[in-house]
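Have the structure open while you read.

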Amino acid sequence: MKEGSDSSSGVSSGSGTAMASPRAFQRRWAPADEISLLEAAASHRQRHGGMPSPGDLAAALRGRLLTEDHHLDARAVSRQLASLRRRYAAAWRRLSSRGVVPVKDHDLRIYRLSKSLWEGSRGCGARKPIARHEARELGELEALYPCLSAEVEAVEASRLCAVPGVFRRSFRRIGDEKAAELEAKAKRLRLAELKVGVRLDMLRKEVAETILELID
């Protein structure tokens with residue numbers, strides 16, 4: 001007889017729970033918690049100039065998330081950041097190739113926060129070196145490439161510009177081929193964002209009308 005053979009191994013035969021898969025303990029992130037994670041990382045990067053460690057992020061987020069903090073550790077944070085970065089890279093490729101921007105408010109917020117963290121990294125908008133050209137007047141460039149010029153002004157006003165005026169001065173040396181390419185992308189993005197805005201306005205109007213009908 002093999003009496004006690006099951007108990008000696010510490011495994012209950014047929015239970016199926018003795019050896020849990022690591023995936024069983026992977027944390028599930030609520031949409032709002034994904035935003036909280038990216039906001040915490042972006043805030044740290046803006047203040048300190050670099051990404052925080054996963055351990056620091058886990059400590060900062062503990063008690064602030066909608067879902068319970070079970071299994072919220074450096075490994076869970078690192079895994080989720082990697083997932084969000086892959087999603088951003090895929091969204092950036094759709095945007096750059098077809099002008100497709102995220103439609104849902106949550107996805108658009110995720111995209112913008114991710115862009116502040118990973119824009120220009122490998123697979124996320126990295127660029128080959130750009131040839132320099134003779135400097136031209138800003139007025140000429142603004143007339144030829146209005147959408148691109150507006151984006152340069154936005155970058156100039158952002159935290160990416162540590163020295164005032166440096167982006168405007170360097171913009172004067174851009175070549176027509178690259179400027180035309182970026183102008184076309186900027187136009188596609190603006191048109192796509194406009195379409196998304198119109199759809200959101202229509203949806204919110206419909207929601208408001210529905211709710212108003214329910215008011216006593």
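Is Arg112 buried, partly exposed or exposed? Arg112 is partly exposed, since its relative accessibility is 47%; the classes are buried under 20% relative accessible area, exposed over 50%, and partly exposed in between, with a 1.4 Å probe and protein chains only.

1. Ground rules. This is a predicted model, in which local features need pLDDT of at least 70 and side-chain atom pairs count only at pLDDT 80 or more, while totals for chains, interfaces and linings use all residues. Residues are numbered from 1 along each chain as its sequence is written, and side-chain values use heavy atoms, with hydrogens and water left out.

2. Confidence. The average pLDDT of the chain is 79, and 77% of the residues score at least 70 (pLDDT is the predictor's confidence in each residue, from 0 to 100). Residues 1-25 have pLDDT below 50, and beyond near neighbours in sequence this stretch has five contacts in the model. A contact here means heavy atoms within 4.5 Å.

3. Overall make-up. The chain has nine helices and zero strands, where helices (H or I, at least four residues) and strands (E, at least two) are DSSP runs numbered from the N terminus. Of the 216 residues, 29% are buried. The accessible surface is about 14800 Å², with 55% of it belonging to carbon and sulfur atoms; these areas come from the Shrake-Rupley method with a 1.4 Å probe, and for residues only the protein chains shown count as cover. If you take contacts between residues at least 6 apart in sequence, 69% of them join residues at least 24 apart.

4. The main core. The largest nonpolar core holds 28 residues, and Leu37, Leu38, Leu57, Val77, Leu81 and Trp118 have the most contacts inside it. By nonpolar core I mean a set of buried Ala, Val, Leu, Ile, Met, Phe, Trp, Tyr and Cys residues joined through side-chain atoms within 4.5 Å. Two or more residues come from each of helix H2 (31-48), helix H3 (54-61), helix H4 (74-98), H5 and helix H9 (176-214). H4 gives the most, at seven residues. Domain 1 (29-117) and domain 2 (136-213) both contribute residues, so this core lies between them; the bounds come from an automatic or database domain assignment.

5. Leaving out residues up to four places away in sequence, Leu38 touches Leu81, Leu84, Ile110, Leu113, Ser114, Leu117 and Trp118.

6. Ser114. What does Ser114 touch, not counting residues up to four places away in sequence? Its partners are Leu38, Leu84, Tyr88 and Glu119. Ser114 sits in helix H5 (residues 105-118) and counts as buried because its relative accessible area is 1%.

7. Arg204 pairs with Asp105, with the closest N and O atoms 2.7 Å apart. Because Arg204 lies in helix H9 and Asp105 in helix H5, this pair ties together parts 99 residues apart in sequence. Both partners are partly exposed: Arg204 has a relative accessible area of 46%, and Asp105 is at 39%. Arg112 comes back here, in a salt bridge with Glu193 (3.9 Å, N to O). That pair also links distant parts of the chain, Glu193 being in helix H9 and Arg112 in helix H5, 81 residues apart. Glu193 is partly exposed, at 34% relative accessibility.

8. Salt bridges link Arg136, Glu140 and Asp176 in a network. Between Arg136 and Glu140 the closest N and O atoms are 3.7 Å apart. Arg136 counts as buried at 15% relative accessibility, whereas Glu140 is partly exposed at 36%.

9. Val101. This residue is in the loop between H4 and H5. Why does Val101 count as buried? Because its relative accessible area is 11%. Apart from neighbours within four places in sequence, Val101 contacts Leu95, Leu189, Ala192, Glu193 and Val196. Val101 and Arg190 are 89 residues apart in sequence, with 9.7 Å from C-alpha to C-alpha.

Key:
Salt bridge = Lys/Arg side-chain N within 4 Å of Asp/Glu carboxyl O.
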